[in-house]
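Good morning, and thank you for coming. Please look at the structure on the screen while I take you through two parts of it.

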Amino acid sequence: MEQGEDHAVLVYHLDDMNHPKSLRLPFHQLPYDIQWTASERLVVELAKFVGSLDRPERLGEIVAADADGKRVQPMFNREWGITGRGGLERVADDGYGTVASLPSKANGHFYMQTYMWNDEKNTWLYDVNADNGVRHLIGQINVGDMDFTLDPDGKVRYAQGLDINNNYVVYRLQNGQWAQLGSAEHGDRFEPIAFSQDKQHLYASTSVKGGPLSLVQTNADGTQTQLLAKDDFGSIGYVQWTPQNQPIAAAPVTGIPTPTVINGDQPLAQIYQVLLGKFPNEFVSFSSYSEDGTVLIFEVSSDREPGTYYLLDRKAWKVAKLFSQNANIDPDKMGSRVPMRFTASDGMPLEAILTVPRGAAMNNLPMVLMPHGGPFDIHDSWFFDTDAQFLASRGYLVLQVNYRGSGGRGPGFVDAGYGKWGTRIQQDLIDGVKWAEAQHYGDPKRVCVYGGSFGGYSAMMTVIRAPGLFKCAIGEAGIYDLSMMYDKGDIKDRKAGRNYLQQAIGKDAAELAANSPDKLADKIDVPVLLIHGEADERAPFAQAKAMRAALDAAHKPYEWLTRPNEGHGFYKEENLVDMYKRVQSFLKKNIGPGVQVN
């Protein structure tokens with residue numbers, strides 16, 4: 001459904017695809033994940049839109065419903081609680097719950113992990129009856145906000161996640177006691193993923209010396225590691241699984257993802273290779289299976305295709321198209337996204353992704369640098385990017401740089417961005433622009449920077465750090481006063497968030513000021529466009545007002561676009577259309593029109 005509308009879970013019967021059943025959700029809520037617990041019962045993890053710049057935010061609330069959308073019951077909810085008898089009463093779950101996993105055979109139950117707001121030192125694991133909400137405690141660890149890994153028998157074996165100090169930790173349950181694993185056992189990072197159906201193997205991601213994550217197989221107790229897939233530059237992801245939790249393919253998350261087949265004698269691995277051949281220049285991802293594995297749904301996507309879902313009946317050897325994520329997008333009219341590598345000024349190899357206007361030669365094009373948000377553990381990939389395609393459709397070359405702090409390169413690359421918001425990260429972006437100009441991809445006389453969230457911060461900071469490099473800057477929902485993050489916004493609300501801020505930006509007042517665009521507005525030498533939602537909780541509206549006041553005080557030219565009742569990035573369609581029109585007009589005014597798109 002379109003952004004700004006109510007959302008619903010639609011359940012289709014394969015014999016009647018024209019009359020789906022509907023489970024409507026509250027306004028601004030949408031499903032984060034959906035799992036079947038029985039043939040006619042499903043559980044839905046809820047999320048909310050915080051704005052178009054962020055992925056939907058998991059609410060930590062779960063409901064269950066019948067396939068016809070009826071008999072909706074809360075499983076974990078901060079308004080309605082479940083009594084031990086399965087009845088509803090006003091006993092709120094004052095915390096955060098997520099689906100940990102499902103039984104290997106559907107039995108109407110699911111496993112749920114929770115932590116409570118008034119207790120950040122424990123995580124709890126329950127076996128929950130999705131029919132009536134009755135839950136039974138089956139596991140617990142004295143560390144808050146952990147994710148549990150269970151074996152096919154429903155026994156908890158590992159717990160992992162970020163502790164309250166934002167350090168990654170992993171524990172193994174041994175003889176009824178939790179033991180924290182050290183780096184000597186599996187390297188700097190060991191992330192359990194899943195057990196095989198026969199319980200003989202554990203699949204995990206590992207990193208050595210902070211490098212890219214590899215996919216490995218170990219014995220059930222974590223011993224005897226076997227490497228399944230690795231890449232020297234990017235972490236391994238996009239893992240394809242059989243219904244029996246056996247990996248059959250994986251690919252690096254950097255560059256154009258090229259799958260490596262694992263367990264090639266598996267029938268599903270062979271089917272996967274056939275599908276790759278049927279959809280050249282696209283990526284095939286297995287989405288879900290029927291319980292007996294004879295029917296599967298797979299997704300086909302690419303840099304020009306947001307994603308289309310198909311149904312494969314293995315018995316009939318028949319493929320049927322189901323849905324497109326956005327049927328209005330014509331892949332043949334989209335620009336190509338080209339991952340490339342360059343070397344930063346200090347010798348660090350970095351990835352850049354260039355979105356090229358359709359039909360244009362990559363030679364001295366008007367260019368827009370588009371830094372991603374986050375900044376940590378987020379990365380731009382080869383896959384379809386709405387903003388990049390919008391700009392390319394208007395004739396602009398789009399440059400995205402996976403700077404230090406980005407995901408996709410391993411934990412060490414992420415850590416390299418901490419404390420470097422206004423310094424090394426900005427230099428990586430600047431180095432990317434200089435590289436693209438040196439290669440004659442972008443015209444040095446026609447370069448603008450446009451970013452949202454942390455990218456909005458970078459839009460101002462790159463202009464400040466590299467005078468003369470840009471002709472204009474667009475900041476959308478940006479952070480412009482670092483010290484304000486300790487007083488306003490939702491990051492500061494929990495202790496883990498406050499610890500994150502100290503690691504990410506520090507606490508020294510002079511350093512915060514030296515890296516805050518609103519304190520350096522006199523150094524901005526280009527026209528600015530500020531875009532902000534007045535109801536933004538992540539980057540409060542006060543941030544934009546502080547930047548505007550600083551530009552006023554420095555007598556710098558700027559344009560201003562805000563909307564009430566909008567959050568972290570505009571949400572309503574009419575506001576998004578207005579925003580894109582303003583962006584297009586601003587770019588045309590300052591770096592000229594884009595090239596003709598064929």
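This is a predicted model: local features need pLDDT of at least 70, side-chain atom pairs count only at pLDDT 80 or more; totals for chains, interfaces and linings use all residues.

Two bridges connect strand S22 (residues 247–252) with S23, and these strands run antiparallel. Two strands count as paired if DSSP finds at least two bridges between them. Helices (H or I, at least four residues) and strands (E, at least two) are DSSP runs, numbered from the N terminus. Ala250 has Thr260 in S23 as its bridge partner.

Residues are numbered from 1 along each chain as its sequence is written, and side-chain values use heavy atoms, with hydrogens and water left out.

Let us turn to the second part. How many disulfides does a search of the whole structure find? The search finds one, where a disulfide is a pair of cysteine sulfur atoms within 2.5 Å. Cys448 is joined to Cys472, with an S to S distance of 2.2 Å. Cys448 belongs to strand S32 (residues 442–452) and Cys472 to strand S33 (residues 472–476), so the pair ties together parts that are 24 residues apart in sequence. The link of Cys448 and Cys472 is left-handed, with -135 degrees about the S-S bond.

Finally, both Cys448 and Cys472 are buried. Buried means under 20% relative accessible area, exposed over 50%, and partly exposed in between (1.4 Å probe, protein chains only).
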